[in-house]
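Open your viewer and show the cartoon.

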Amino acid sequence: MLQQLLKLLADGRFHSGEALGERLGVSRAAVWKALKRLEEQGFPLQSVRGKGYRLPRGASLLDQSQIIELLPATRAEGWEWYLHQELDSTNAEAQRLLSVGGMRPLVCLAERQTAGRGRRGRVWQSPYGQNIYMTVVVPFDSGAQRLEGLSLMVGMVLVDTLEAAGYKGCRLKWPNDVLLEGAKLAGILVEVAGDLTAECAAVIGVGVNVLMTAPASEIDQAWTSLRLSGQGGSLDRNTMVADFVARLDAAMELFRVQGFAPFAQRWSEYDAWHGLEVKVTAGASVVEGLNRGVTERGALRLLTVDGEQQLSGGEVSLRLNDAT
């Protein structure tokens, strides 16, 4: 019933509980209970006495069948799909699936994460039904050394997906963040499963703030969401997931053969801080210099007082020099 309710409410207009109950053949009380439970979980439901309920246009629960139907026929085959109402982490669940079933392509989605995480163990805010929490697993038969620059390429695919959904001005922050108007909109976490020297899989976690307007707890950096951007693009998470998987599948065909090299120049064009003075920290090490883009292997090119240095990913953070 919940999926049907949200479908009726997604037109952006107010609907009374009585009218919704009549449409679905249930009582007004049943409608109220279902929507109250959803509201308590943080879903952006609006209720006004005398008018009823409504949702932001395009807001809905994830629908695995709809996502698969939206995929181009040439991209729909070969993936295993898993959709959960709640998980600790989609990356953790993907790792568990690989440990019992071997390396194969799969997509894992959740409406809510109880232990969502980003790089360096940071918590990823994961309220119910408001954002995209997704992990895509891509097998490799030639070892982890072929994965250099993968998170950067995934970032480009994600920006292309968001632009196609109507959100302009998305930029990339090396090595794994998507920014909009200088605030974090999305993040990428790539892990490796299997044999690092032979058959392995890239476990690609992607989180996108879609409907969220208030975090469940404090966030230690500026953030935004598609809804907060005010750009009026699509908020349909099903369409975005399908488009992202299709685009990633196509990009992986080139990445498997040539690595990150074909993507390097275009990545620099999306680089939010290209040509700016930045500070890179890795543990106790701090390096300052001019951001000159990335190499064909995805390393950051930093022009320092001692000449150009090339820094790899891992436990590295990037901040503007004048950032506090």
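The tour visits a helix pair and then a strand with its neighbours. Remember that this is a predicted model.

**Stop 1: two helices**

Select residues 2–9, which form helix H1, and residues 17–24, which form helix H2. Their axes come within 11 Å. They cross at roughly 125°, so H1 lies oblique to H2. The crossing of H1 past H2 is right-handed.

Now show side chains. Which residues of H1 and H2 meet? From H1, pick Gln 4, Leu 5, Leu 8 and Leu 9. From H2, pick Leu 20, Arg 23 and Leu 24. Colour this contact by type: 5 residues are nonpolar, 1 is polar and 1 is charged.

**Stop 2: strand E9**

Move on to residues 200–208, strand E9. Is this strand enclosed or open? Here 9 of the 9 residues are buried, so E9 is largely enclosed by the rest of the structure.

Cys 200, Ala 202, Ile 204, Val 206 and Val 208 point one way. Ala 201, Val 203, Gly 205 and Gly 207 point the other way. Both sets are buried.

**Stop 3: the partners of E9**

To find one, select Ile 132 and its bridge partner in E9, Val 208.

Ala 193 has Ala 201 of E9 as its bridge partner.

Note on methods. Residues numbered from 1 in each chain as written. Predicted model: local features only at pLDDT ≥ 70, side-chain atom pairs only at ≥ 80, totals over all residues. Heavy atoms only, no water. Axes fitted to C-alpha atoms, helices over the stretch in contact; angles between N-to-C directions. Helix = DSSP H or I, 4+ residues; strand = E, 2+ residues; numbered from the N terminus. Parallel < 35°, antiparallel > 145°, perpendicular 65-115°, else oblique. Left-handed = near helix turned anticlockwise from the far one by under 90°. Contact = heavy atoms within 4.5 Å. Nonpolar A, V, L, I, M, F, W, Y, C, P; charged D, E, K, R; others polar. Buried < 20%, exposed > 50% of the residue type's maximum accessible area, 1.4 Å probe, protein only. Pairing = 2+ DSSP bridges.
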